[in-house]
Amino acid sequence: MITVSEAKDLISENCVPERVENRLLSESQGYILAKPVYSPVDTPPFHQSAMDGYAFSYESWDGKSMLEVCGEIQAGSNVPIEVKSFEAARIFTGAALPDGADTVVMQEHVVKNKKTIRIENVQLTKGANVRLCGSQTKKGELALKKGQLLTAPAISFLAGIGIERVNLFSKPVISIIVTGKELKQPGSEITEGKVYESNSFGLSAGLHALDIAPASVEIVDDAEEDIIKAITRQSTSDILILTGGVSVGDYDLVLPALRKCGVENIFHKVKQKPGKPFYFGKLDQRLVFGLPGNPASVLTCFYEYIVPAISSFTKKQYFKKINMPLADDYKKKAGLTHFLKGKTNEGKVRILNNQASYLMNSFAIADCIIELEEEKEQFIKGEMVNVLMIV
């Protein structure tokens with residue numbers, strides 16, 4: 001049996017090298033850039049009006065004379081207009097500045113008289129209300145660095161410089177196999193000896209929170225042949241998650257099924273509570289996780305081990321790990337790292353009641369997992385502990 005830190009190191013060491021895919025910008029939300037993006041154009045691509053108003057030459061204006069309106073320029077128009085001394089062109093936001101003009105006066109700051117205008121803005125300066133060519137991004141300039149998260153503003157920015165496709169770190173393909181003869185689906189009638197299946201719901205929801213939809217979810221009986229068939233069907237996934245059947249009971253058949261499918265055992269059993277029978281293996285470059293069947297163990301192992309493995313693919317950091325003071329004293333036995341459901345409030349973290357691995361009512365309201373180190377037994381109120389925020 002290995003320690004928590006040894007387990008995390010082994011998973012990290014066996015994660016696949018980064019994988020890059022080229023996707024349409026419109027399909028890239030939430031991904032991380034795998035390569036830097038350089039601007040193919042100047043942006044704006046021309047001197048551009050920032051306001052609805054009148055474009056004129058500031059140098060040729062004496063500050064008091066009327067200006068003759070010589071034309072009109074809409075956004076998108078390419079009708080050639082040249083503004084001469086003591087002339088102005090009606091212009092609209094986003095339109096290209098005409099030849100001879102270098103300044104725009106807002107329409108609210110002029111008085112119009114038929115085909116002439118008088119400017120009534122003594123604070124107007126040269127170049128006012130003009131977006132200069134390349135003032136946002138110049139052609140060939142770095143637009144976004146490798147490692148940038150593509151949010152809605154980042155995508156809008158890239159679209160605005162003409163980018164159609166981007167290179168991104170791929171999300172892994174993930175499949176879930178839940179084992180157990182006793183499992184019934186929510187909504188069905190429950191009979192003696194049966195329980196409602198929840199692990200597929202918890203794992204699927206956890207993946208969706210990471211913007212990853214599971215490729216497949218299978219519920220199979222505690223029969224080795226059925227488990228082998230399910231593993232074979234899902235063996236092309238980047239990550240395969242199995243729940244239940246990873247201990248040493250007569251009907252814990254996941255481990256022998258994995259061996260028969262050619263999965264390499266990296267480790268089995270970790271010095272932790274809950275989730276001590278946790279398993280990790282590899283099938284070629286694919287990661288295989290075997291989780292105990294109790295739902296609190298499943299989600300604890302998901303947050304502590306599987307989410308970091310997913311991060312190795314996507315390069316995204318999903319949950320923060322921080323130090324916080326305990327709200328109350330707590331005592332445990334030495335020999336196992338404890339992962340406890342917790343709730344933060346006013347800068348402290350409280351260990352919730354109902355910590356057994358089959359109890360989910362405390363997990364349902366928890367916003368974090370508290371890690372208490374393996375050999376330590378007594379934890380004092382106010383003592384700093386590691387906290388993994390999951391909400």
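Me: Not counting residues up to four places away in sequence, which residues does Asn 386 touch?

Reply: This is a predicted model. A contact is read as heavy atoms within 4.5 Å. By that reading, Asn 386 touches Ile 322, Asn 323, Ile 369, Ile 370 and Glu 371. Asn 386 belongs to strand β28, residues 384-389. In space, its C-alpha lies 9.0 Å from that of Pro 325, although 61 residues separate Asn 386 and Pro 325 in sequence.

Me: Is Ser 200 buried or exposed?

Reply: Buried means under 20% relative accessible area, and exposed means over 50%. Ser 200 has 7% relative accessibility, so it counts as buried. Ser 200 sits in helix α3, which covers residues 199-208. Beyond its neighbours within four places in sequence, Ser 200 is in contact with Val 178, Val 217 and Ile 219.

Me: What does Asn 386 count as, at 33% relative accessibility?

Reply: Partly exposed is the class between buried and exposed. Asn 386 counts as partly exposed because its relative accessibility is 33%. Ile 190, at 37%, also counts as partly exposed.

Me: Where is Ile 190, and which residues form a nonpolar patch with it?

Reply: Ile 190 is in the loop between β14 (183-184) and β15 (195-196). On the surface, Ile 190 forms a nonpolar patch with Val 195 and Tyr 196, and together they have about 250 Å² of accessible area.

Me: How much space lies in the largest pocket?

Reply: The largest pocket holds about 470 Å³ of space. It is lined by 30 residues, and Asn 199, Pro 292, Gly 293, Asn 294 and Pro 295 are the closest to its centre. Two or more lining residues come from each of β13 (174-179), β15, β19 (272-273) and α6 (295-314).

How values were computed: Residues are numbered from 1 along each chain as its sequence is written. This is a predicted model: local features need pLDDT of at least 70, side-chain atom pairs count only at pLDDT 80 or more; totals for chains, interfaces and linings use all residues. Side-chain values use heavy atoms; hydrogens and water are left out. Helices (H or I, at least four residues) and strands (E, at least two) are DSSP runs, numbered from the N terminus. Buried means under 20% relative accessible area, exposed over 50%, partly exposed in between (1.4 Å probe, protein chains only). Patches are made of residues with over 30% relative accessible area and no salt bridge: like charges are joined within 9 Å, nonpolar side chains (Val, Leu, Ile, Met, Phe, Trp, Tyr) within 5 Å. Accessible areas come from the Shrake-Rupley method with a 1.4 Å probe; for residues, only the protein chains shown count as cover. A salt bridge is a side-chain nitrogen of Lys or Arg within 4 Å of a carboxyl oxygen of Asp or Glu. On a 1 Å grid over the protein atoms alone, a cavity is a set of points where a 1.4 Å probe fits but cannot get out, and a pocket is an open set with protein on both sides within 12 Å along at least five of seven lines; lining residues have an atom within 4 Å of a point. Grid points are joined across faces, edges and corners, and a volume is the space filled by probe spheres set on the points.
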